[in-house]
Amino acid sequence: MFDTKIAIVLRNNLAGWQKLNVTAFLSTGIAGQYPEIIGEPYKDRAGNLYNPLSIQPIIVLSADEATISTIHRRALERDVTSSVFIEEMFATGHDAANRAVFAEYAPNDAKVVGIALRADKKIVDKITKGATMQH
């Protein structure tokens with residue numbers, strides 16, 4: 001149905017609240033980059049309106065620290081723009097602070113805890129190779 005795939009990869013040693021927090025932030029990055037994935041608003045039988053959601057499924061995967069670093073490198077090598085959340089962002093409280101701490105790191109020393117990407121299905125599968133289904 002879709003030629004593209006959306007994948008979120010989380011580092012496998014995060015606390016439950018961290019997994020949810022990172023997933024939420026990374027999802028907004030994908031929606032910001034690809035606003036066309038947002039569908040129409042939802043409406044229930046009583047006529048209440050709700051926010052639109054992604055028209056495309058999102059797969060959530062898990063990887064150890066080494067694998068998520070490799071996935072980050074592969075995305076960069078293939079010029080796939082991604083959403084990335086690093087460990088140090090947990091200690092900040094707002095967007096400007098997140099961007100400031102993010103700018104202190106390069107791909108070779110960033111402690112990536114989550115990465116999200118949308119690209120051709122085959123490319124996403126190659127980039128995320130080694131990650132497993134999140135549970």
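Strand E1 (residues 4-11) pairs with strand E6 (residues 112-120) in the antiparallel sense, over seven bridges; strands count as paired if DSSP finds at least two bridges between them. Helices (H or I, at least four residues) and strands (E, at least two) are DSSP runs, numbered from the N terminus. In this pair, Ile6 stands opposite Arg118 of E6. Helix H2 (residues 65-77) packs on the sheet and touches E1, strand E4 (58-63), E5 and E6, where contact means heavy atoms within 4.5 Å. The direction of H2 makes about 40° with that of E6; axes are lines fitted to C-alpha atoms, for helices over the stretch in contact, and angles run from 0 to 180 degrees between N-to-C directions.

The model is predicted: local features need pLDDT of at least 70 and side-chain atom pairs count only at pLDDT 80 or more, while totals for chains, interfaces and linings use all residues. Residues are numbered from 1 along each chain as its sequence is written, and side-chain values use heavy atoms, leaving out hydrogens and water.

The sheet is open and has five strands in the order E5-E6-E1-E4-E7, with mixed pairing. E5 and strand E7 (132-133) each have a single partner strand, so one side of each is left without a neighbour in the sheet.

Helix H1 (16-33), strand E5 (82-86) and helix H3 (95-102) each supply at least two residues of the lining of the largest pocket. H3 gives the most, with four residues.
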